[in-house]
Amino acid sequence: MSIAFDSNSVDFQKSEGLVPVIVQDFASEKVLMLGYMNREALDKTLAEGIVTFFSRSKNRLWTKGESSSNFLHLVSIALDCDQDTLLIKARPDGPTCHTGADTCWNEPNVSLDFLRQLENIIRQRRDQPDETSYTASLFKRGINKIAQKVGEEAVELVIEAKDDNADLFLNEAADLMFHYLILLSAKGYELGDVVKILEGRHKK
């Protein structure tokens, strides 16, 4: 995956060829780590979609996860107002810190927004299937089965909406939301993509 970004806009001269890079989990929005890049590391990151730094201790390019396989998959990259610091949003394969902690500040990588957290769990079930997982079993059965489940849950919600049992209604609403998120993930989308469309409609 290649992301369009003009590396020539980064001012590498202020700090003798290196710029600090803040890495944030794109889903939970937790700050994962701080590293440094030179132009070559930035270009490699943009070209391959895997975050690569310049290691000051090893004096060479260093791809995060090259030994642990806990790679950071590039989602987006932004340059600050002084053009000398990068903010990278990434999808981590596992713990980011070499100690095994989720972040280099030993904080759990958990979103304050539960739906984001749930989407992350669903994505993990999709990409790293667990035979005991109901979600993984749906992905394994394919898009038609997932779409069918969404339809079934929608019908059950409509039926409960006609009655006055709040508990049953809310549980059916939760079931529909859960399977809807699975369907979005199976199609390669996220809830944020839907929200963007709603925001666009609201502005009109």
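What follows is a short talk on a predicted model of one protein.

Before the details, a note on conventions: residues are numbered from 1 along each chain as its sequence is written, and side-chain values use heavy atoms, with hydrogens and water left out. Because the model is predicted, local features need pLDDT of at least 70 and side-chain atom pairs count only at pLDDT 80 or more, while totals for chains, interfaces and linings use all residues.

Let me begin with the overall fold. The protein has six helices and six strands, taken as DSSP runs numbered from the N terminus, with helices being H or I of at least four residues and strands being E of at least two. Read along the sequence, the pattern is β-β-α-β-β-β-β-α-α-α-α-α, and the C-alpha trace spans about 70 × 45 × 30 Å along its principal axes.

Of the 204 residues, 34% count as buried, that is, under 20% relative accessible area with a 1.4 Å probe and protein chains only. Among contacts with a separation of 6 or more, 51% are accounted for by residues 24 or more positions apart, where contact means heavy atoms within 4.5 Å.

Turning to annotation, an unreviewed UniProt entry places "domain: Phosphoribosyl-AMP cyclohydrolase" on residues 33-105; its positions are in the numbering used here, the feature name is shortened, and annotations may be inferred rather than shown by experiment. Over that range the chain is 14% helix and 38% strand, with the end C-alpha atoms 8 Å apart.

Finally, consider glutamate 153, which is found in helix 4, residues 143-161. Glutamate 153 is buried, since its relative accessible area is 5%, and, leaving aside residues up to four places away in sequence, glutamate 153 touches Glu172, Asp175, Leu176 and His179.

Definitions and conventions: Buried < 20%, exposed > 50% of the residue type's maximum accessible area, 1.4 Å probe, protein only.
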